[in-house]
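Please keep the sequence and the structure in view while reading.

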Amino acid sequence: MPSRHQLGLGFRYTHYEVRVLARDPAKASAELGAAFEVVAGDLTKADTLPPALRNVDHIIFTAGAPSGRYAPESLVKATDYEGVIDTLAAAQSAGLGDRFVYLNTVGIKTPSLAAFLINLLKRNTFVWRRRVEDKIRSSGLDYTIIRVGFLLDRPGGEHAVNVSQGALPLAPGNRITRADVAEAFVEAMQHPSASRATFEIVWGEGPQRNSWSALLEKIQPDRRPPA
């Protein structure tokens, strides 16, 4: 898309002109290469966000407190909750005309052992991520919330994908590759059925997979939050 940008917070894409927000632009540029525009910014510093949102059409938000190690609740709240709210506010001020696509995890509303353990390691991350979903829905922006299962570093397209709007638990059987998730985000970014909708994606049964368009066309919009 000439002269059009998509802000990728924590993920990488090649289908569009992608602008990446990074706390360390030099390091990010060295890793991503010249195909990506990298701008300096920090989710925990709201004043750094507006410059990154100039002339942006879509926002893909996948950032959060680091996984795999302990994170105090102050960091989780600053990143996974306040960082999202500040990005929404900057997008509103910038007049974002297209979609805010947000990455969350399955199990947000369904208790499980895995969710309990993650809440211990990354203090109450599920609590703050559940709350921020409501902030996204009431922001007035067009949005898509995609909840994903356990993420694997494997090639995409090897398994069928199940798209649902239930409340899956976070469990080892509910998994999906990062490559499949990346495809889902790109497709959902402009799919009409994904507008103002929340859905979950995990691997399904067997290797056969329908097109993303077919998978997404049955998605129903979220109920509007109370005024």
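## Terms and basis of the model

A polar contact is a pair of N or O atoms within 3.5 Å; within protein, one atom must be able to donate a hydrogen and the other to accept it, and residues adjacent in sequence count only if both atoms are side-chain atoms. The model is predicted, so that local features need pLDDT of at least 70 and side-chain atom pairs count only at pLDDT 80 or more, while totals for chains, interfaces and linings use all residues. Residues are numbered from 1 along each chain as its sequence is written, and side-chain values use heavy atoms, with hydrogens and water left out.

The pLDDT is the predictor's confidence in each residue, from 0 to 100. Its mean over the protein chain is 91, and 92% of the residues reach 70 or more. Over residues 10–14 the pLDDT stays under 50, and the model has 16 contacts beyond four places in sequence for them; a contact means heavy atoms within 4.5 Å.

## The loop residue T44

T44 is found in the loop between β3 and α2; helices (H or I, at least four residues) and strands (E, at least two) are DSSP runs, numbered from the N terminus. The side chains of T44 and D42 are joined by a polar contact of 2.7 Å. Leaving aside residues up to four places away in sequence, T44 touches A78 and T79.

T44 counts as partly exposed because its relative accessibility is 41%; buried means under 20% relative accessible area, exposed over 50%, and partly exposed in between (1.4 Å probe, protein chains only). From C-alpha to C-alpha, T44 and T87 are 10.0 Å apart in space, and they are 43 residues apart in sequence.

## A parallel strand pair

Strand β2 (residues 18–22) pairs with strand β3 (residues 37–40) in the parallel sense over four bridges; pairing requires that DSSP finds at least two bridges between two strands. R19 stands opposite E37 in β3.

Together with helix α1 (residues 25–32), β2 and β3 make a right-handed β-α-β unit. Right-handed means that, with the strands pointing away from the viewer, the path from the first strand over the helix to the second runs clockwise.

## The nonpolar cores

A nonpolar core is a set of buried Ala, Val, Leu, Ile, Met, Phe, Trp, Tyr and Cys residues joined through side-chain atoms within 4.5 Å. The largest one has 27 residues, and those with the most contacts inside it are I59, F61, V84, F100, Y102 and I136. Two or more residues each come from α2 (49–52), β4 (56–61), α3 (73–94), β5 (99–105), α5 and β6. The greatest contribution, six residues, is that of α3.

A second, separate core of 24 residues includes V101, I176, A184 and I219.

## The loop residue S139

S139 is found in the loop between α5 (125–137) and β6 (142–148). S139 is buried, because its relative accessible area is 13%. A polar atom of the S139 side chain lies 2.7 Å from the backbone oxygen of I136. Residues up to four places away in sequence aside, S139 touches L88 and Q92.

## Two residues with positive phi

N124 is not a glycine, yet it has a positive phi of about 60°. N124 is placed in the loop between α4 (113–121) and α5, and is partly exposed, with a relative accessible area of 26%.

R196, also not a glycine, has a positive phi of about 50°. R196 is placed in the loop between α6 (178–188) and β10 (197–203) and counts as partly exposed at 31% relative accessibility.
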